[in-house]
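Good morning. I will go through the contacts between parts of one model, starting with two chains and ending with single pairs of residues. Please look at the sequence and the structure first.

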Amino acid sequence: MATARPVGARNPVAETTHAIRERIRSDRRLAWALALVVLVLVILLPYAFDPASPFVDHCVTALAYVVMALGLNIVVGFAGLLDLGYVAFFAIGAYTAGWFASAFFATVNGGKGIHILTGTLAGAQPGIHLNFILVLIVAVILTAIAGILIGLPTLRLRGDYIAIVTLAFGEIVRVVAVNGQSIHLGGTNTLTAGRQGITPIDSPELPGMSAFSPLDLRPWYFTALVLVLIVVFVNFRLRDSRLGRAWIAIREDEIAAASMGVPLVKTKLMAYATGAGFGGIAGAFLASYLNTVNADQFEFSFSIFVLAMIILGGIGNIVGVMVGAIVLSFVNVWLIPDVLHDVPSKLGLNFDLTELSFGIFGFLLVIMMVLRPEGLIPERRRQIELTEGVGTDEALFEVRS
Amino acid sequence: MEAAALPVRRALRSSVGTAIRKFLNRYGLIIALLALPVYFGIHDLVNQHSLTHIFENLKDGVSNGAIWALVAIGYTLVYGIVELINFAHGEVFMIGSFVSFSVWSTIGLTLTTGALGVVFGLIVTLFVAMIASGSMNVLIERVAYKPLRNAPKLAPLITAVGFSFILQNVGLEWYGGSQKGVDDLIRAQTDFFTIGGVHITHADVLAVAVTTPLVLLLAWFITKSRLGKAMRATAQDPEAARLMGINVDTTISATFLIGGLMAGAAGLIYALYQTTIWFFQGFQAGLIAFTAAVMGGIGNIWGAVLGGVIIGCIQQIADDRMGGGTWTAAIVFAYLVLIMVFRPQGLLGEETREAG
Amino acid sequence: MSTEPVPAASASDPGDAVDAILSATGVSKIFGGLVAVDSVDFKIPRGAIVSIIGPNGAGKTTFFNMLTGLYKSDRGRVEFDGVNITNERPDIITKLGVARTFQNIRLFGTMSALENVMVGQHARMRSGLFGSIFRPPWTRREEVDVREKAEETLKYVGLRPALMHQMSVNLSYGDQRRIEIARALASEPKLLLLDEPTAGMNPEESARLTAFMRKLRDERALTILLIEHDMKVVMGVSEQITVLDHGEKIAEGSPQEVRHNERVVEAYLGSREARAVQAED
């Protein structure tokens, strides 16, 4: 039946996990029950810790990264487009919060500011202040538009060129962010605050939720959780849809896909814009959570960080990508700086491990791609594509124009 | 479906459209490339009544571009043969600079070394740097790309990015996180001669004097030698080459070796030219050189040289005149995007059946 | 010229006024100075079964690719059912009603037979991003319809129901061919292009496929164009044959006419001779 090299044929542990996964895959009720149990645990989790504890803080960050990774998963995992400039959408989402939920544009409306559905805290400040939900919506719209503008000319290129062009766009966005202080928008307003950063950013003020503050991280946690649930829902729905099938088709054989009536650029664009939208949501959330939008956040390495989450977890596998995002997020904010930081000095070596975190992620990428390209929790199709070379890379340039 | 009058208007509109598209296709890139030098040339003529400044920029561009050309050759050869963007190539170039500096420090070249000593020492350094970068590139190919030759094309690109990060961190631990000044062994900014008010410095002469023979040698090698012919055959059709008895694996490794050798030479020139080295220098250099390779027409050595010189000029003008260099990266990347979108086959590239 | 006038095939009106579902005029393709297809004129009468033959490298598949939008032609014009489709995108051409199979089967390997055929209906479906995410009733209904139609089409081409949910890479060559035809049929074409459909089949299978082509034409009101090497199939099924050699059309007509055409004999003989010479070297 399966031509795929059985995942777990090598040792008993892997065999058992494989059997369990098969069981979950074949039994939908079991899958739902498991998902429900996990959800309940995740909801209860912050109550087991102090509301301002570092652990809850790490969890909020991890959840935001899950949103980002699942957004990128639509582009890389589903549509098979390697986007090396995903950080651009993080940046645009974050600047949406910077522009529309802070005192940054202090002189608008004669210094009185513009306030739409804001709570009492933000309502008294100058600048533009939108309700947090509105900020998220604006972030989705702006990033999706940016995604379309970037994608429209570039998505007809061959895959590796797409990767480099997206990288170039990501770098352009970063350079604009860094130099945005010298781009004047009339009056004293500038586009960005460069490396100084736009700060503070409004914390959300939502009815029915307790105050979002650094002292109580639970509202942040639950907001991030809701965003995760949305992106998970969208991922599942897209995967099993007309669009999802078209993405698989494009990924495996562009020529056949086009000949079957799948419009290549439009279909890729939908993946790209959707992925961009979630990058924007996560960006706006993180800007508000971190209370700053700083141009230094938008380095190329961040794009690779998110990509590494997908590769580690299992490219195209929704659960895998979530696991990958959570693992790498904790590696980045907790394991390397808090736990392993003194390992080199104990070994008599003189270097700071945090400096090397991106080398570690790079190493991870190489190791994973060479030894287990399908990731920790593989997606069945992707596994076959990656390990057995199903599908073609043959590029017929003229198809795409 | 259409009214009677419509076809005429449509035909007219489409013929004007095609004419414009044809024109832009042929000359658009050239116009875009000439825009900056021509604009600033006129600017100089009007404001300073002399073209010295723009010529100075272009001269810097050519010598700087010689470095990018050497790096770009590595991209273009490798892409030509395995259709892989060797993303770690910029870091191989960076390693070339780092090795150069440590070699010349080790053999004791300093500012007080005599001219003959410097020349001899640097020739030794050049060899070591080239060998180091070349072997590094072959190592990367063996470890990170070869196992993935049958995987989807994006897989080796991901390992390439991974390797690039690893090497950056190697560089970071080697000479630290900030720019490191190195001995100005050749007195880089001293004039060699002046022509029409344009100062030709030692650095300029060095860049051109090292690059030119290397490129000529390489061009000769590719067209005349057995291995060069094997490389071209493999680039055309690996399967056919294999059937003809060409050892494809060796040929691919040789390609990476040659690309690495060139990057190593570029690394030495860069260190002497800029008198600073930095673990992050490879990232931007890599992207600039890749832009140059695509601009010239990927797979084409002379294209890489042409692209390198052009992008060098653009970069110099941007560095010198636009926001003190803060916008240079964005401008170069904007050119990269423009070229990829409007003329992916580059200046010298031809539309082919496979690559379009 | 040796190019004979197109005879009235099965279409009702004879002579020049033949009702062509597809007509190509002066279509050319040049690859880096090499002329792969040289101003070919070509018409397919509606409802006919038409073949393109020619020695290897004659430009048959290149010509096919221009008709279906995979290549842009350098010169010439292609009209399908009264619409100019010259250099149109492949997905648009498919939507207009042209479907095809490939010389070396190009199924989506990790998809099941059923999913492959569902992708074939892509152009006939409407749900987009919104529909895919929110799955409103009409999207659900569309999915059900598409699935049913895919099953029906697979049954029609003779795939065993047990194989419908198997990953297509795991299926036999013959089944893959069937699925590919089903996938093409799923897009509800008016014109079906088959690129060497009997390649790798034994005479018995070829005969069955030939009969199936006739059945398709009659039951589904299709026009069929095929590229074929097997002369038995070509002569048996075609109402009109066009011969390409070195990118040029050298003959056109009924099987009898083509069979006795001197240039055709020469072209085929020439290539066989060339092969013989190569073998001696």
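Between chain B and chain A, five residue pairs are in polar contact, with both residues at pLDDT 80 or more. A polar contact here is a pair of N or O atoms within 3.5 Å; within protein, one must be able to donate a hydrogen and the other to accept it, and residues adjacent in sequence count only if both atoms are side-chain atoms.

Some housekeeping. This is a predicted model, where local features need pLDDT of at least 70 and side-chain atom pairs count only at pLDDT 80 or more, while totals for chains, interfaces and linings use all residues. Residues are numbered from 1 along each chain as its sequence is written, chains are lettered from A and ligands numbered from 1 in the order in which they are written, and side-chain values use heavy atoms, with hydrogens and water left out.

Back to chains B and A. Helix 5 of chain B gives the largest share, 13 residues. By type, that side of chain B has 34 nonpolar, six polar and six charged residues. Ala, Val, Leu, Ile, Met, Phe, Trp, Tyr, Cys and Pro count as nonpolar, Asp, Glu, Lys and Arg as charged, and the others, Gly among them, as polar.

In total, 46 residues of chain B are in contact with 50 residues of chain A, contact meaning heavy atoms within 4.5 Å. The two chains bury about 4000 Å² between them, 76% of it on carbon and sulfur atoms. Buried area is the accessible area (1.4 Å probe) that two parts lose on being put together, summed over both.

How many salt bridges cross from chain B to chain A? The rule finds one, between the side chains of Glu83(B) and Arg158(A), at 3.0 Å from N to O. A salt bridge needs a side-chain nitrogen of Lys or Arg within 4 Å of a carboxyl oxygen of Asp or Glu. Over all chains, the structure holds 37.

Now some others. In chain A, Arg382(A) and Glu385(A) form a salt bridge at 3.2 Å. Both lie in helix 16 (residues 380–388), three residues apart, about one turn of the helix. Buried means under 20% relative accessible area, exposed over 50%, partly exposed in between (1.4 Å probe, protein chains only).

In chain C, Arg46(C) pairs with Asp19(C) in a salt bridge, with the closest N and O atoms 2.8 Å apart. Arg46(C) sits in the loop between strand 2 (34–45) and strand 3 (49–53), and Asp19(C) in the segment before strand 1 (20–31), so the pair ties together parts that are 27 residues apart in sequence. Arg46(C) is partly exposed at 34%, and Asp19(C) is partly exposed at 31%.

Last, chain B has a network of salt bridges that links Glu141(B), Arg142(B), Lys146(B), Arg149(B) and Asp249(B).

Terms used: Helix = DSSP H or I, 4+ residues; strand = E, 2+ residues; numbered from the N terminus.
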